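Biologist: Please put the model on screen. I have some questions about it.

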Amino acid sequence: MTVIESNQGVITQINVFDVDPDKVDLLVATLQEAARTVTHVPGWMSANLHVSLDRTKVTNYAQCASKEAWDAVMEVVYANGFIGKLTAIARPNPCLYNVVWTLDHTQVTAGP
């Protein structure tokens with residue numbers, strides 16, 4: 001399960017793919033395959049896929065323990081040809097982030 005905590009040094013990639021609705025299932029399957037190839041990389045933490053309600057976007061929310069771990073993950077992704085496969089299906093818009101703040105139901109008391 002993905003845990004989102006601020007100021008832990010975790011690197012998060014949020015990659016929003018613009019995709020033809022007819023190619024969403026292929027894109028999701030390819031992203032799943034890519035994620036499974038990196039689970040052995042030290043520092044890899046998680047990958048989560050989201051499909052927009054109109055099926056024109058797929059978002060990958062992925063986490064690694066550090067920037068060095070992220071770089072190692074991407075080496076495997078490139079070496080296995082996934083960048084070419086993914087860009088042939090959809091248009092990626094990746095960006096790396098640091099989590100700086102979170103709020104969830106366990107931190108909130110009842111009432112306004």
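Biologist: Is Gln63 buried or exposed?

Modeller: This is a predicted model. Gln63 has a relative accessible area of 2%. The cut-off for buried is under 20%, so Gln63 counts as buried.

Biologist: Which backbone oxygen does the side chain of Gln63 reach?

Modeller: Gln63 is in strand S3, residues 57–64. Away from its neighbours in sequence, Gln63 is in contact with residues including Thr2, Ile4, Trp44 and Ser46. At 3.4 Å, its side chain reaches the backbone oxygen of Val3.

Biologist: How many bridges pair S2 and S3, and in which sense?

Modeller: Strand S2 spans residues 44–51. Val51 stands opposite Val58 in S3. The pairing of S2 and S3 is antiparallel, over seven bridges.

Biologist: Which residue in the turn of the S2 and S3 hairpin has a positive phi?

Modeller: Five residues lie between the two strands of this hairpin.

Biologist: Where do the buried residues of helix H3 lie around the axis?

Modeller: H3 covers residues 82–89, and Phe82, Leu86 and Ile89 are buried there. Their arc around the axis is only 65 degrees, so they lie on the same side of H3.

Biologist: What do the buried residues of H3 pack against?

Modeller: One partner is a strand, S1 (11–18). The others are helices: H1 (24–38) and H2 (67–79).

Notes: Residues numbered from 1 in each chain as written. Predicted model: local features only at pLDDT ≥ 70, side-chain atom pairs only at ≥ 80, totals over all residues. Heavy atoms only, no water. Helix = DSSP H or I, 4+ residues; strand = E, 2+ residues; numbered from the N terminus. Buried < 20%, exposed > 50% of the residue type's maximum accessible area, 1.4 Å probe, protein only. Polar contact = N/O pair within 3.5 Å; in protein donor to acceptor, adjacent residues only side chain to side chain. Contact = heavy atoms within 4.5 Å. Arc of directions from axis to C-beta. Pairing = 2+ DSSP bridges. Lists of a residue's contacts leave out its neighbours within four places in sequence.
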